[in-house]
Amino acid sequence: MFLFKASGRTYLRVVKRSLHAFPNRPQEVEVGQLVLLSKNREDCTPSEAQIQNVAKILDVRPATAEELERQFPGVSAGERFEVIIELYWLEPLETPFNLSQAIGPEHKFYNTVQDFSKLRDPDELAVFGFLVKKNPRVVLSYLNRNDLPEKLADREFT
């Protein structure tokens with residue numbers, strides 16, 4: 001499970017386009033991994049939770065400056081980023097949350113994350129348990145879906 005952060009200025013574009021851009025490729029990233037889409041804390045209103053959507057990773061690929069500027073205009077994306085991550089099954093959470101609600105004091109480990117972070121195993125399990133309790137519709141939707149994107153339709157998973 002990954003945590004992807006975005007500024008308030010780009011968060012809605014990430015959600016709308018099911019795309020995120022980064023300066024480098026995340027390590028240990030795999031197609032089909034669950035992603036928590038988080039808005040930067042400083043861009044949230046006082047009562048707004050950071051993690052409002054989840055998605056799965058479809059593809060990680062290099063991007064041109066032109067594509068980055070087209071997808072993320074007005075934030076110097078072509079100068080700042082090199083990688084695009086395509087997402088699928090992006091869904092809003094019924095109960096948005098902050099990491100502190102799901103993993104307690106261990107959330108501080110992720111406070112300094114600028115772009116993305118792979119969740120540590122115990123944190124991943126805690127977040128999954130939290131999602132099951134607070135966002136069961138999304139978890140059940142993921143478990144019951146069989147509508148893979150065309151890009152994955154013929155792919156065999158092991």
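In this predicted model, ring pairs join Phe2, Phe4, Phe22 and Phe116 into a cluster. Strand 1 and strand 6 (residues 116–118) pair in the antiparallel sense over three bridges. With strand 3, by contrast, strand 1 pairs in the parallel sense, over five bridges, and Ala6 stands opposite Lys39 of strand 3.

Five of the five residues of strand 1 are buried, so this strand is largely enclosed by the rest of the structure. The burial extends to both of its faces: Phe2, Phe4 and Ala6 are buried on one side, and Leu3 and Lys5 on the other.

Nonpolar side chains in soluble globular proteins tend to be buried together. In the present model, the largest nonpolar core has 25 residues, and those with the most contacts inside it are Phe4, Leu37, Ile57, Ile85 and Leu87. At least two residues of this core are supplied by each of strand 1 (2–6), helix 1 (8–17), strand 2 (19–22), strand 3, strand 4 and strand 5. Strand 5 provides the largest share, five residues. The surroundings of Leu87 illustrate the packing: when neighbours within four places in sequence are left aside, Leu87 is in contact with Phe4, Ser18, Leu19, Val35, Leu37, Ala55, Lys56, Ile57 and Leu58. A second, separate core comprises 24 residues, among them Ile51, Leu99, Tyr110 and Tyr142.

Tyr142 belongs to helix 6 (residues 136–144), where Val138 and Val139 are likewise buried. Viewed down the axis of helix 6, the buried residues fall within an arc of 100°, so they line one face of the helix. These buried residues pack against strand 3 (34–39), strand 4 (51–62), strand 5 and helix 5. On the other side of helix 6, Leu143 and Asn144 are exposed.

The aromatic pairs were examined next. A pair of aromatic rings is described by the distance of the centres and the angle of the planes. The count comes to seven aromatic pairs. One of them, formed by Tyr88 and Trp89, is edge-to-face, with 5.1 Å centre to centre and 65° between the planes. Both Tyr88 and Trp89 are buried. Phe97 and Phe130 form a tilted pair, at 4.8 Å centre to centre and 50° between the planes. This pair links distant parts of the chain, since Phe97 lies in strand 5 (residues 83–97) and Phe130 in helix 5 (residues 121–134), 33 residues apart. Both Phe97 and Phe130 are buried. A charged side chain also meets a ring elsewhere: Arg120 lies over the face of Phe109, at 3.8 Å from the ring centre.

Asn135, in the loop between helix 5 and helix 6, is buried, with a relative accessible area of 0%. Apart from neighbours within four places in sequence, the residues in contact with Asn135 are Leu93, Glu94, Thr95, Phe97 and Phe130; the last two are the members of the tilted aromatic pair. Ser47, situated in the loop between strand 3 and strand 4, is exposed, with a relative accessible area of 72%. Between Ser47 and Leu119 there are 24 Å in space, C-alpha to C-alpha, and the two are 72 residues apart in sequence.

Technical notes: Residues numbered from 1 in each chain as written. Predicted model: local features only at pLDDT ≥ 70, side-chain atom pairs only at ≥ 80, totals over all residues. Heavy atoms only, no water. Phe/Tyr/Trp six-rings, centres within 6.5 Å; stacked < 30°, edge-to-face > 60°. Buried < 20%, exposed > 50% of the residue type's maximum accessible area, 1.4 Å probe, protein only. Helix = DSSP H or I, 4+ residues; strand = E, 2+ residues; numbered from the N terminus. Lys NZ or Arg CZ within 6 Å of the ring centre and 35° of its normal. Arc of directions from axis to C-beta. Contact = heavy atoms within 4.5 Å. Core = buried A, V, L, I, M, F, W, Y, C linked by side-chain atoms within 4.5 Å. Pairing = 2+ DSSP bridges.
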